[in-house]
Amino acid sequence: MPKDEKDSTIRSYRSHMSGMQQFQGARNVMITGGSIRQVVEGNYYEGGRDVGLHILGQHIAADAIYNSAERFPPPKCHPGTREKIINTILDWVNDPTAKKRALWLNGPAGAGKSAIAHSIAVILEEIPGDSKYAGSFFFTKDAVGRGDGTKLFSTIAYQLALEFPSLRVLIDTAMLDNPTLPTKSIDVQLRYLIIEPLLRVTDWPAHSPTIIIDGLDECAGSKRMQSEILSLLSKALIEHNIPLRFLIVSRPEYWISDSFEIGPLVDITKPVCLRDNKDADVDIEKYLREGFDKIYEENIPIMSSTPRPWPSYHIIWRFVHSASGQFVYASTVLEFVGASSNFCDPREQLRILTTAGPHHASAFSDLDKLYATILSSYPRPNTMKCVLGGLLLGFSEKTIQEFLGVDSGEVQLVLRALSSLIRISKAEYSEEFRALEPIFGSPLVEARIEFCHLSFKEFLLDESRSGEYALDKSTIMTEFICAMLKFGVSILQDSPQAERTIIRIGLSAYRMMLSRLVNVSWFELDAGPLVDSLEKLCKSFHTIFARNPLHVAQPSHMYWFTDAVLDFLARLQSASFEGTIFGNYIHRHRHRHRHLFQSLLDVLKVAQTTSAEQMMHQLPKNSATFAYIALHSDESPFSITHSIDEILASMNIGLDTIISDLQHLPDLVYFDFYPGSGGYFYIHIVCPVCPVVHHQVQGYYQENQHVGAWGNRIVRFSAQCYNRIFHSNDDHSLVKDQRKLMRTADCFLRYSRISDIHSKEYFEDPKKMEIFNIIIDTSFWDRLRGKSSVKLVLGALGWFNRQMVSANIVIFRSLIYHCRP
């Protein structure tokens, strides 16, 4: 064969093979005449002019596009649910001048994020004549193509080319110039397939279209890939100012959160969180109710004898409560009850779900796989279980470190791994309170860490569901209590290590730990180790107090410790443990334990009295805040919570005065907070009551004479409270404050130094006379309602009794006579 003819044949063969290679892996190909068309999701390229796009099409993850066949049936929002969240996102999409170029929709596992993202995609693409939808990529873990981050930008570029004709030629040309672009690194793909074409395009919508990226946390590979994607997007939006918006949906994994909260995306991102969505319970209830109605209709021959509504409201609400905002939980319930295979009776399926047993565990197998997958990502399962156990019992981060023995760095790593399953609520307080941190610890109040979902807690406690991740609540609680009791011995022995530990934890955080003892469920404890620890505690106390019963080395720490342990033992004496393992153990050794508990109670009371006396002797007593504490200190045998606002109002002082006072009263208070309306947190002060000081320490009332200096302010505020109680039936807005009002009114009557009639000067005080006229008015007492009024009535009876037997009986009777109508 001549050489020229041979070369021509080779070129023809190579051209033929090159053309055939274009069909490898291709789907939906049509050949009509001399034209080649490939259909992808309703669009097609024409072989004569879109060769570059055809090559690009071979490298995309078509299954990751929102309406792909692989995703059918896709997760979607039930009609009438998630409306507020969807409208929030659509408002951002439709805002022509939105300053935030990205929106981060985040929430815990199973919250329904993908359903919301899918619904947004459907809404945007189905609007006729609109160009706000630019493309989508729905990541799915362990799915070929759909979990591959290297296909993200190629897939988005392909959709941009199909959606916008003005961009189509530019992307096609880029591919013809370099057909290997889809195989390059993701930064190269983004630059040449998206950024440069967008910077050169001339005919582009004035309103930036939106790209939807869902499930970024499920992108395959390392965390680095997910972070790199966000970093590249930030550069594209900030440095190159590309005319696109990005709706990014993910769990709040720490490496993703960092990119949005402290990384370059922070200034251009609108965060929307599903974690605290108050509408979720309402939406889930609607979803369940309509889902059960559909199951009923589809099974009329079986259900005809079952009255409606089915199931009852309390069962629906039980599922809503267990869901804790998880739509995946609710959908699992409906799928299990409505299962059509194996001739299932919906009534029996519902009974299985509402009754403990092995079948109940199997009902939530898909949900359990989700939890197990998240937990399996942590390389040290035993350490993770220790932290999970602490969280299960409501422990703070420092409690887990110090009393469960987990390194602080390790705790942080576990919390990061669990970020999609936990909620961390930090206390928010004004800058003025920072002055207290050197004394009480920083922060003043530790962040609360809670599980996002009740179902996750149920998973951990049910070994048939969680397997190797199951937790033994009894063991963890017993270990914590024994560690606290051992620590109390260190305090009694004046151990420098104990003092350093409290400084490291923070004074306020340590006292909060002690409060955990009061809330223990005894029947869940392991009696053997606990009783051994109590015996060691009792022996140590007796040994040390035998040497010097009138002195405690660390009185403040000892007072708080003995107060907590006495409350702990009081609950033991009043509880019933019949039929429990703990109860059986105590019963078998009842003679030994009866002596132990009594001996321990006796020595703890001595320690408490001694430490209380030393505390009160050292305290400054001339401040308004101390006066407030003293006024309320006889109110209850337990610690009482008072808000800063209450002290400000009752004593008529400024915040700076309270903070200055508290700097000199570290022995009497610690700080707590609770979630208030609007998601904010309020600082509270919890005052120890020291009843032993009142009744056993000589001269306490004489030492408290400084409280009288603040008497006029206390009387004025008390008069306001009595008037508000008196008119509460007329003003319903006061009803919610009645408990606080009655508490103050009762404290005033019980504090004889201010409230009693000691002389004729009583008549000259208009506020005292105002209170007096109210309490002798029978209609005032007729208005009182509820349990909170009982204490005020008893306080008033005590006040009247004191006046009748006092030396000023004649003055009192004269006062009654002149005040009668």
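1. In this predicted model, the side chains of Arg 351 and Glu 348 form a salt bridge with an N to O distance of 2.6 Å. Both residues belong to helix H14 (residues 346-353), where they are three residues apart, about one turn of the helix. Arg 351 is partly exposed at 42% relative accessibility, and Glu 348 is likewise partly exposed, at 35%.

2. A salt bridge at 2.8 Å, N to O, joins the side chains of Arg 434 and Glu 437. Here Arg 434 is partly exposed, with a relative accessible area of 36%, whereas Glu 437, at 14%, counts as buried.

3. Arg 802 and Asp 756 also meet through their side chains in a salt bridge (2.8 Å, N to O). This pair links distant parts of the chain, 46 residues apart, with Arg 802 in helix H40 (residues 788-805) and Asp 756 in the loop between helix H37 (752-755) and helix H38 (766-775). Arg 802 is partly exposed at 26% relative accessibility, while Asp 756 is buried at 9%.

4. Salt bridges with shared partners connect Arg 191, Glu 196 and Arg 200 into one network, and the search of the whole structure finds 16 salt bridges.

5. As to confidence, the mean pLDDT of the protein is 81, and 81% of its residues reach 70 or more. Over residues 5-45, however, pLDDT stays under 50, although the model has 51 contacts beyond four places in sequence for this stretch. Where pLDDT is low, the predicted coordinates should not be read in detail.

Note on methods: Residues are numbered from 1 along each chain as its sequence is written. This is a predicted model: local features need pLDDT of at least 70, side-chain atom pairs count only at pLDDT 80 or more; totals for chains, interfaces and linings use all residues. Side-chain values use heavy atoms; hydrogens and water are left out. pLDDT is the predictor's confidence in each residue, from 0 to 100. Contact means heavy atoms within 4.5 Å. A salt bridge is a side-chain nitrogen of Lys or Arg within 4 Å of a carboxyl oxygen of Asp or Glu. Helices (H or I, at least four residues) and strands (E, at least two) are DSSP runs, numbered from the N terminus. Buried means under 20% relative accessible area, exposed over 50%, partly exposed in between (1.4 Å probe, protein chains only).
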